[in-house]
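Here's a quick briefing to read alongside your model. Have a look at the aromatic rings and the sheet as you go.

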Amino acid sequence: MKQAHSRSGIPLQAVYAPADLRGFDYERRLGTPGAYPYTRGRRADAVGGWIQRELSGEGEPSRSNEQLKYLLSQGQIGLDVIGDSPTMAFLRTQQIVHLESSVAKVVDPLGGSYFVESLTDEMEKRIWARVLEIEAMGDPADLSDKGWFKRFFEDAMADYSKRIAEGSLPKVGLNIFQIPEEEDTLLKEIVEGKIEPCWSRIERIKEYKMGRDLGKIRQVLTGVYEKAKGEENLMVPILEAFRSGATMGEIGGMMRMAYGYPYDPHGLIESPI
Amino acid sequence: MRKIKVYIGTLGLDQHELGAVAVSRMLRDAGMEVVYAGRFNLPPMILKTSLEEDVNVIGLSCHSWEHMYYVPELLGLLREKGVGIPVVVGGSVITPGDRKRLVEIGVTAAFGPGASEREIVETIRKIAGRADASG
C-alpha cells in the first residue's frame, strides 16, 4: 500500500497502539484539563468547554456591532472578530455537534489517543529541529532582510497550490467531487449579495477630524514620529496621541514615515506633520 | 522575441497578497516577466506603472470587496487615455455574477477561486497575443 502522509508530510501508520507512545508521561506530556500547561484545554469541566465561535465582523463598526449582537442572540458564545469575514453559515453545525452528540459532555475527548499524541510528539520534534536549523543559519533579522522567511512561506504556498492542482491534496468541490456550475446554487444568492460601502462613515470621520484641536494633534503625532525614529518606548506617545483624539490611521502613518515609508500608501492623504 | 510582460498587483486596502504572489510565480515559471506592484494600488497608479513598464497585460488580484469599484474605474481610465492594455482579474471573492459583470464592462478575463494554473497561464498567453509562443 502507498505510504500515507499528513498534510504537513508526516508519514502515517495504518494503526496506532501503546508502542507508539512508549514512555509517554501523562503528567509531563499532557496534563489535566484546566491545569498548566493547559494542553487539554483551559477548563476542567465540560460546561462552557465547547465554545461556538466563528469569524465575524464586516464593513464598518456599526454594522459589525449589529452582526455580533445578532450572533450572540442566536446562541453563539464566543466571538472571533476579523475585519472582513461575512459569516453565519457554521454556527448551526457547531450547535448540532454540541447539543445533539455527547462529544461536548467530555473535556478534550481525543486527549490521550495513541494517534493524536504520537502525531503531536512528531510535530513537536520536527518544529524543534526546524527552529535549531534556523538558529544555526544566523541572525533571524538578517535572514528576514534577505527574504528567507518570505521565500519559506512562498515555497510552502507554491507547494500547497501545486498539490491541489495535481490532485494529491484533495479539496472537496475544488479538485474532487466538483459540482457543475449550473447545479451549484446553494447560498449563491447570498454570495452575490453586495454590501454597499458605508460612505456616510467617511463623512463622519472627516467631521471628527476637523473638530479636533489640530495644533495638539500635530504635537502628539510629532511625538510618535520622533520616538518611532529612535529606540525609545513607543507606548507612551501612542497612548498620549490616542487620548488627544488622534486616529489609528494617523498614528500608523507616523510610524510608516519614521520607518521610511509614505504616510499614506495610497498617496491620497497628506501627512498632518 | 520579448517576453510577455504582466503587471500583478492588489487593489485598494486589500491585504491578501498570497494569491498575487502565487500567480506571479506561475507566470514567471511559464517564462513571462512579472512587474510585481504588491499591495495598495489605485487605478491611476496601476495605469502609470503599466505604461512605464510597457506591460502586455494588467493582472489584478481580488480577495476583498474593492474589485467592483476599482476595476470599472481603471477600465474607464484606460479608455479615457486611449490605452489598450487588456485587464485580467482573479481571486477568491469573484463570484459568477461578478465575472459576468466585469467581462461585460470590458475585463478580458476573470478567474474565480477554482481556476487552474494551466487555465491562467494559457489565457494570459492568448490575451497577450502569443498563443503559440513558449514564453
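Tyr69(B) is partly exposed, at 29% relative accessible area (buried is under 20%, exposed over 50%, partly exposed in between, with a 1.4 Å probe and protein chains only). Keep in mind that this is a predicted model, where local features need pLDDT of at least 70, side-chain atom pairs need 80 or more, and totals for chains, interfaces and linings use all residues. Residues count from 1 along each chain as written, chains are lettered from A and ligands numbered from 1 in written order, and side-chain values use heavy atoms, leaving out hydrogens and water.

**Aromatic pairs**
- Over all chains there are six aromatic pairs (Phe, Tyr or six-membered Trp ring centres within 6.5 Å; planes under 30 degrees apart are stacked, over 60 edge-to-face, the rest tilted).
- Trp148(A) and Phe152(A) are stacked, with 5.2 Å between centres and 20 degrees between planes.
- Trp148(A) counts as buried at 18% relative accessibility, while Phe152(A) is partly exposed at 30%.

- Five strands make an open, parallel sheet in the order 2-1-3-4-5 (strands pair if DSSP finds at least two bridges between them).
- Strands 1 and 2 of chain B pair over six bridges, and Val6(B) has Val34(B) as its bridge partner.

Terms used:
Helices (H or I, at least four residues) and strands (E, at least two) are DSSP runs, numbered from the N terminus.
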